[in-house]
Amino acid sequence: MKVLVIGNGGREHALAWKLAQSPKVKTVYVAPGNGGTAADPQLHNIALTDFNALADFVQAEKVTLTVVGPEAPLAAGIVDVFRARGLRVFGPTRAAAQLESSKAFAKAFMQRHSIPTASFATFTDVALAHAHVNAEVGQSGAPIVIKADGLAAGKGVVVATTPAQAIEAIDWMLGEGDNKLGVQHNDGQARVVIEQFLEGEEASFIVMCDGKNVVPLATSQDHKRLLDGDEGPNTGGMGAYSPAPVVTPNVHAKVMHEIILPTIAGMAKDGITYTGFLYAGLMIDGQGQPRTIEFNCRLGDPETQPILMRLKSDLFDLLMHATAGANEGTLDQVELQWDRRVALGVVMAASGYPMNPRKGDAITGLPGELPDACVFHAGTAARDDAPVTAGGRVLCVTALGDSVKLAQQRAYEVLRGIHFDGALYRRDIGYRAIKR
């Protein structure tokens, strides 16, 4: 069988790496891929991004299955294009992907279907948004959360600790011609969602859905902030580990029954069948009550890397069950097998990340194949057949261990052998689980 993975990040490297392990898979293509997928003899990069050109390639090469990694092509309707041509593809349609591509859509959806989340208001007018912040902070005090209504590569959220920070974030997101976060605005109009700040501990809860059946993946927790101790600006994610101890069996049951299943049912009620990965970003309070911070319509990055390192089941088989029919698969027939060990990944980011990452720095010290660790590439490219930095998050050094502490020690041991100028990384990934 031949498989195509669409995307060029660490999540896509991990997907391709895992799919290549299936005895049923002969060839894994990655479009467009990165320096890591280019260097792996089991993977084949193809320099295509146009949806119809990709569909032509799939038909010409008789590719059995396509998996879409990132949010941008999903939001732009790549699944719709492939399905219209009768091609087997895993991911949500453009309509379903609005759960991620529009924060305003997602919040209104959650309110309509009684899915627990923070209270919110949506604005297109700068002055009205400023007035709302001043009124809310006056009533309940900072912090307050400002979200751009559009794709922003994980950076479109500001947790403002003062009214001035909130006002600045609004101006960044709504200001005329001053889109510092690079947000892809919906319908050409800038919007912000202003939310109540939720106290608690974050976790990532990712499931697969075939249109009817839902299979939860291993739990995980990522670290969004740039600096140790969860300080500094939000990023796309500086590291992650699986499983997440905060998701107890009781919390897991609540998430499935109060968030995940009502979301799939709510989408169906609204006339939108949901297929693909669904990621609920959770805030779990001290009483173990989960609330939804956000939805993503794909695997998280960097959560994918630890999760797939722990997955013992054949990912290709799993995806074939999930795509057995365009709107309904056979995921109810599978039971996932997981490595009992903990997996932990540490992101190495480029100098200047997240706002102005530097490109072109040589990367040295990358290890060969290891039994208990893997270095997944994200923002890398090849220059004279040698790897260089080519994006914000460059690598995710991921390791297995019998405890969070041991997985952490192993990941940092591997990381210390890798070098590129100005490398940024946190030194405390997994600290919340170790403290528990």
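Modeller: The lining of the second largest pocket divides into 18 nonpolar, seven polar and seven charged residues. Please keep in mind throughout that this is a predicted model, and that each value below is computed from it.

Altogether 32 residues line this pocket, and those that lie nearest its centre are Trp17, Asp40, Glu369, Cys374 and Val375. Several elements of the chain give two or more residues each to this lining, namely helix H1 (10-19), helix H2 (35-39), strand E21 (373-377), and the strands E22 and E23. The space within the second largest pocket comes to about 780 Å³.

The phi angle of Asp384 is near 55°, which is a positive value in a residue other than glycine. Asp384 has a relative accessible area of 75%, and because the cut-off for exposed is over 50%, Asp384 counts as exposed.

Asp230 sits in the loop between strand E15 (225-227) and strand E16 (231-234). Its relative accessibility is 19%, and because buried means under 20%, Asp230 counts as buried.

The peptide bond that runs from Ala31 to Pro32 is cis, with omega near 0°, and Pro32 belongs to strand E2 (residues 27-32). The peptide bond from Ser242 to Pro243 is likewise cis, with omega near 0°, but Pro243 is placed in the loop between strand E17 (239-242) and helix H10 (249-269).

Stepping back to the whole, the protein has 14 helices and 24 strands. Its radius of gyration is 21 Å, close to the 22 Å that the globule rule gives for 436 residues, so the protein is as compact as a globular protein of that length. Taken along the principal axes, the C-alpha atoms fill a box of roughly 60 × 50 × 45 Å. Of the 436 residues, 57% count as buried, and among contacts with a separation of 6 or more, 70% are between residues 24 or more positions apart. Finally, the accessible surface of the protein comes to about 17,300 Å², and 49% of that surface belongs to carbon and sulfur atoms.

Conventions:
Residues are numbered from 1 along each chain as its sequence is written. This is a predicted model: local features need pLDDT of at least 70, side-chain atom pairs count only at pLDDT 80 or more; totals for chains, interfaces and linings use all residues. Side-chain values use heavy atoms; hydrogens and water are left out. Helices (H or I, at least four residues) and strands (E, at least two) are DSSP runs, numbered from the N terminus. Buried means under 20% relative accessible area, exposed over 50%, partly exposed in between (1.4 Å probe, protein chains only). On a 1 Å grid over the protein atoms alone, a cavity is a set of points where a 1.4 Å probe fits but cannot get out, and a pocket is an open set with protein on both sides within 12 Å along at least five of seven lines; lining residues have an atom within 4 Å of a point. Grid points are joined across faces, edges and corners, and a volume is the space filled by probe spheres set on the points. Ala, Val, Leu, Ile, Met, Phe, Trp, Tyr, Cys and Pro count as nonpolar, Asp, Glu, Lys and Arg as charged, and the others, Gly among them, as polar. The radius of gyration is taken over C-alpha atoms; the globule rule is 2.2 Å times the number of residues to the power 0.38. Contact means heavy atoms within 4.5 Å. Accessible areas come from the Shrake-Rupley method with a 1.4 Å probe; for residues, only the protein chains shown count as cover.
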